[in-house]
Amino acid sequence: MVYQAYSLIIGKPVNPYFAAFVFFSTVCSYNFHWALTPHSIAPSQRLQWDEKHKSYHLLLSIAGLTGAAISFLFIKEHWFYIAVAAILTFLYSAPKVSFTPFQWLKKIAIGKTIFLAMAWTYVTAVLPLLMEDAIATEKGVLFCTGQFFFIYSICILFDFRDRDDDKKEGIRSMITYFNERGIDVLFTISIIAFFVLSILLKQTGIQWINIGILLIPALLLIIIYRHAKRNFSDYLYYFVLDGLMMFSGLLLWLMSRF
């Protein structure tokens, strides 16, 4: 996803220290989140494994934090922009922390889904552009906004799957508030917004072939949307749906090899 922002919008090779920082930060934040996640009422082999091996999550969180701290030393001049990413990432997991000041986040109606989509968009699209002084361009704004709507569309499915657990924990989001028809409308609006913003990239000089590559994961998401609302397989969610976020970046990288 970071490669996609660099190759499509910035037009230069990926900063290796930033790529390392994103990798280690992701390892840290994911494991921190799942270490705090209580028993799930939804059947999942992965979640059952998580519950029995929380010490592994703690160890990986520490390893990720260490790697992120070392990588940060090489990009520390961008500390302010990186701090924003850290805050957004923490806000997603904060409601799971048993500390009173963080519990009010459970009551924010739009919180969980918005925070996650914003965090992923900021880290993989906005932050690279800020660091390379490329954010104040038309294609930068269109790309980042489009990425948010695409990532949000995928997050909708994850929150739909988790809504019983979220209701049990008192975590509110638009997905726990809306009925199923309302969720479908929200998904449709997000996908349409992504398509429109991606097509508008043509007027900024992005080639149609690259726009088509951006749209391929969204088309696949539309195809599997209804199936994903009924099948909560770990492989479908953590391999296919998560994989769709990076799929266009992978296709762009493969195209650059030829």
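What covers the buried residues of H4? The views below take up this point and others. This is a predicted model, in which local features need pLDDT of at least 70, side-chain atom pairs count only at pLDDT 80 or more, and totals for chains, interfaces and linings use all residues. Residues are numbered from 1 along each chain as its sequence is written, and side-chain values use heavy atoms, without hydrogens and water.

**View 1. The protein chain has twelve helices and zero strands.** Helices (H or I, at least four residues) and strands (E, at least two) are DSSP runs, numbered from the N terminus. Of the 258 residues, 49% are buried (under 20% relative accessible area; exposed is over 50%, partly exposed in between; 1.4 Å probe, protein chains only).

**View 2. Helix H4 spans residues 54-72.** Its 19 residues reach 26 Å from first C-alpha to last, close to the 27 Å expected at 1.5 Å a residue (1.5 Å times one less than the number of residues).

**View 3. H4 has a buried face.** His 57, Ser 61, Gly 64, Gly 67, Ala 68 and Ser 71 are buried. Seen down the axis of H4, they fall within an arc of 135 degrees, so they line one face of the helix. The arc is that of the directions from the helix axis to the C-beta atoms. On the other side, Ser 55, Leu 58, Leu 59 and Leu 65 are exposed.

**View 4. Other helices cover the buried residues of H4.** The cover includes helix H2 (16-36) and helix H3 (45-52).

Terms used:
Contact = heavy atoms within 4.5 Å.
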